[in-house]
Amino acid sequence: MRAQSSATATTPIAVTAPAAERRGFGTAQAALGVLAFSLTFPATAWGLEGFGPWSLVAVRSVLAAVVAGGCLLVLRVPLPERRHLAGLAVVAAGVVFGFPLLTTLALQTSTTAHAAVVVGLLPLTTAVCSALRTGHRPARRFWAAALAGAAAVVAFTVGQSGGALTLADGYLFGALLVCAAGYTEGGRLARVMPGWQVIGWALVLCLPLSVPAAALALSYEPVRLTAHGVAGLLWVALGSQFLGLVVWYRGMAAIGIPKASQLQLAQPLLTLVWSALLLGENLTAAAPLTAVAVLVCIAVTQRS
């Protein structure tokens, strides 16, 4: 009887510990993805010093696809099943072309700090898109915290822009919608195939479009090879477009799309820091207050 009681008492620990470890590892991977994404806007601003907006988007897609395709080829990964092609097309349209193009166009006239704060609405947009797509219904506390975080981001944005919305804001709001759809579909696919294969196949499937688009854009837009331009291009292609999305999709698959998306509430604040350090943009006094509010919202959503 004692042996049986001891076995019974220890069974839950043996079952739940690995699950807790997987959740912790998934959160860490999603956080690494957020860190990589937080550098995207400053890197894009650097890239625009040497490339036109269309060239930058097309070339980054080609470079990322070459790296992803090489990995898929070396590891002899089989072609994705036909039933996954529609989902991969949504990922490609949202995170390979749509989001990079719209945000790059916005950054021609917007500061990276302003763009980062507007895109801070992405977690809430992704959570809503996920609920509509998957039928998942988070708790009310989750939604309350997400809305509070979004409200803090909106208040910060309005305060910084003087209450006026611009064409750049229109591009950014469009980017929110297409990226949320791509994140949601990518997170769903990452539950049935490794996350790096999701973005890898999405990039490779875009090659028939990205290669001619890069050639056409480069023929019309002048190119100035500068250190900043090349560094920015390499980061958005390899850091943001491929490696960042690999760990991001793995994290979403482990902890769920809504919870992972709320980690991105920290992304605009990280980008503000990078913008100050790398681009010399001035931070306002409202940034620390927004940071505290957003971090509290993240804590609540992770516990709800």
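Keep in mind that this is a predicted model.

**Exercise 1. Describe how helix 3 and helix 9 pack, and say which residues make the contact.**

Step 1. Start with the geometry: two packed helices are described by the angle between their axes and the distance between the axes. Helix 3 covers residues 53-74 and helix 9 covers residues 195-205; their axes come within 8 Å and cross at roughly 125 degrees.

Step 2. Now put a word to that angle. Angles of 65 to 115 degrees count as roughly perpendicular and those over 145 as roughly antiparallel. Helix 3 and helix 9 are therefore oblique to each other.

Step 3. Check the handedness: helix 3 and helix 9 cross in a left-handed way.

Step 4. Look for the residues that touch. Helix 3 brings Ser-61, Ala-64, Ala-65, Ala-68, Gly-69, Cys-71 and Leu-72, while helix 9 brings Trp-196, Gln-197, Gly-200, Trp-201, Leu-203 and Val-204. Sorted by class, that's nine nonpolar, four polar and no charged residues.

**Exercise 2. How many cavities of 30 Å³ or more does the structure hold, and what lines them?**

Step 1. Count them: there are two cavities of 30 Å³ or more.

Step 2. Take the largest cavity, with about 170 Å³ of space. It has 16 lining residues, and those closest to its centre are Phe-37, Thr-40, Phe-99, Tyr-183 and Ser-240. Helix 2 (40-47), helix 4, helix 8 (167-189) and helix 11 each give two or more residues to this lining. The lining of the largest cavity splits into ten nonpolar, five polar and one charged.

Step 3. Move on to the second largest cavity, at about 50 Å³. Its lining includes Phe-41, Ala-116, Gly-120 and Gln-264. Helix 6 (122-134) and helix 13 (267-279) each supply two or more lining residues, and helix 13 gives the most, with three. By class, the lining of the second largest cavity has six nonpolar, four polar and no charged residues.

Conventions:
Residues numbered from 1 in each chain as written. Predicted model: local features only at pLDDT ≥ 70, side-chain atom pairs only at ≥ 80, totals over all residues. Heavy atoms only, no water. 1 Å grid on protein atoms, 1.4 Å probe; cavity = no way out; pocket = protein on both sides within 12 Å on 5 of 7 lines; lining within 4 Å. Points joined across faces, edges and corners; volume = space filled by probe spheres on them. Helix = DSSP H or I, 4+ residues; strand = E, 2+ residues; numbered from the N terminus. Nonpolar A, V, L, I, M, F, W, Y, C, P; charged D, E, K, R; others polar. Axes fitted to C-alpha atoms, helices over the stretch in contact; angles between N-to-C directions. Parallel < 35°, antiparallel > 145°, perpendicular 65-115°, else oblique. Left-handed = near helix turned anticlockwise from the far one by under 90°. Contact = heavy atoms within 4.5 Å.
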